[in-house]
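This report describes selected features of a predicted model.

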Amino acid sequence: MDFKIYYDSRKKLIEDFLEKRMAKKGISKVDDAMAYSLLAGGKRIRPVILMSTAEALGKKGYDYLPVACGLEMIHTYSLIHDDLPCMDNDDYRRGRLTNHRIYGEAMAVLAGDGLLTLAFEVMLEQKNVDKKVLIETVREIAMCAGNFGMVGGQGLDLEYEGKKVSADELRRMHAGKTGALFIAAVRGGARLAGSTSEQLTALTRFADLFGLAFQITDDILDVKGDAIELGKPIGSDEKNHKSTYVSLYTLDVARVMAAKTTAEALQCLEMFGENAEPLCEITRMMCNRRS
């Protein structure tokens, strides 16, 4: 398969869906702030992973666009809030000014709130899926996004600022802050596609390792990346006195860890054969990325 064609086609489906959905306007200018961040591009990796996971199980991933795009809305809301002055205080995201720099802090908070709320409305518009399966999938996504997952990890991130944390503490924080939405994407795609318990176990392990490799790579790029390619300044972790895999282990060790974890993640997909080729390529792309 030509992975570039595959990936670009999935991104196009996602972009079209998001643009169409954001064309439905609410009653205030918060819609503009929501659209500013949601339609700013990006890798769309979480919805693509959800669709590719379904395809690894022999289903058509694009059949699950509402749930996939709901995940992207949750991710984008988290970025808007993460960039706020009370959090990481970043000025650029995806190559342009962050939401609060354009619309102000209060409107940026509301834009994030609006996207989080809209995400669940959109996911529950999913058709041609057993209602019990859909409800369980959305419930698990909510848990991964909340205080047991992403929000909880973000809370730990704030608690740990300026502190030297252990390897276990760092892993726990990023398993929530970064890894939980990858778990949601993979398990969501697996559930929607009717996975067996054995398949779900293997895919959950894959998602956990993928999230870890992704985060280690992110920490490396914050030190050695290119600000133009990344679309945001580098060095923000050091500026905010955050513990990272680079600060805990050194840059060289972090690189070895990223490669090893990526290889382990790929091994989890072997049981799915050729159907998992897109998911394998996404893993290689994201864990060897430069932006």
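Helix H9 (residues 167–192) carries a kink of about 55 degrees centred on Gly179. The bend at a residue is the angle between axes fitted to the seven residues ending there and the seven starting there. Helices (H or I, at least four residues) and strands (E, at least two) are DSSP runs, numbered from the N terminus. Because 19 of its 26 residues are buried, H9 is largely enclosed by the rest of the structure. Here buried means under 20% relative accessible area, exposed over 50%, and partly exposed in between, with a 1.4 Å probe and protein chains only. Just after H9, Gly194 adopts a positive phi of about 80 degrees.

The model is predicted: local features need pLDDT of at least 70, side-chain atom pairs count only at pLDDT 80 or more, and totals for chains, interfaces and linings use all residues. Residues are numbered from 1 along each chain as its sequence is written, and side-chain values use heavy atoms, with hydrogens and water left out.

**Cavities**

Two cavities of 30 Å³ or more are present in the structure. On a 1 Å grid over the protein atoms alone, a cavity is a set of points where a 1.4 Å probe fits but cannot get out, and lining residues have an atom within 4 Å of a point. Grid points are joined across faces, edges and corners, and a volume is the space filled by probe spheres set on the points.

The largest cavity has a volume of about 110 Å³. Its lining comprises 13 residues, of which Ser37, Ile80, Asp83, Arg93 and Asn99 are the closest to its centre. Helix H2 (30–38), helix H4 (65–82) and strand E2 (96–97) each contribute at least two residues to the lining of the largest cavity. H4 gives the largest share, three residues. By class, this lining has five nonpolar, four polar and four charged residues. In this classification Ala, Val, Leu, Ile, Met, Phe, Trp, Tyr, Cys and Pro count as nonpolar, Asp, Glu, Lys and Arg as charged, and the others, Gly among them, as polar.

The second largest cavity holds about 40 Å³ of space. Asp157, Tyr160, Glu161, Val165, Leu170, Met173, Lys242 and Ser243 line the second largest cavity. Helix H8 (150–160) and H9 are the elements that supply two or more residues of that lining. Four nonpolar, one polar and three charged residues make up the lining of the second largest cavity.

Ser243, one of the residues lining the second largest cavity, sits in the loop between helix H12 (236–239) and helix H13 (245–249). Setting aside residues up to four places away in sequence, Ser243 touches Lys163, Lys164, Val165, Leu170, Met173 and His174; contact means heavy atoms within 4.5 Å. A polar atom of the Ser243 side chain lies 3.0 Å from the backbone oxygen of Lys163. The C-alpha atoms of Ser243 and Glu277, which are 34 residues apart along the chain, are separated by 34 Å.

Gln154 belongs to helix H8. Beyond its neighbours within four places in sequence, Gln154 is in contact with Asp82, Met87 and Lys177.

**Accessibility of selected residues**

| Residue | Relative accessible area | Class |
|---|---|---|
| Ser243 | 16% | buried |
| Gln154 | 13% | buried |
| Gly95 | 54% | exposed |
| Arg44 | 1% | buried |
| Asn128 | 82% | exposed |
| Ile49 | 1% | buried |

**Loops and backbone angles**

Most residues other than glycine have a negative phi. Arg44, although not a glycine, has a positive phi of about 55 degrees. Arg44 is placed in the loop between H2 and helix H3 (45–56). Asn128 likewise is a residue other than glycine with a positive phi, near 60 degrees. The loop that holds Asn128 runs between helix H6 (105–123) and helix H7 (131–145).

Gly95 is located in the loop between strand E1 (92–93) and E2. Gly95 and Ala40 are 55 residues apart in sequence, with 8.9 Å from C-alpha to C-alpha.

**Contacts of Ile49**

Ile49 lies in helix H3 and is buried at 1% relative accessibility. Leaving out neighbours within four places in sequence, Ile49 contacts Phe182, Ala185, Val186, Phe210, Leu279 and Ile282. The C-alpha atoms of Ile49 and Val67, 18 residues apart along the chain, are 12 Å apart.

Key: 1 Å grid on protein atoms, 1.4 Å probe; cavity = no way out; pocket = protein on both sides within 12 Å on 5 of 7 lines; lining within 4 Å. Polar contact = N/O pair within 3.5 Å; in protein donor to acceptor, adjacent residues only side chain to side chain.
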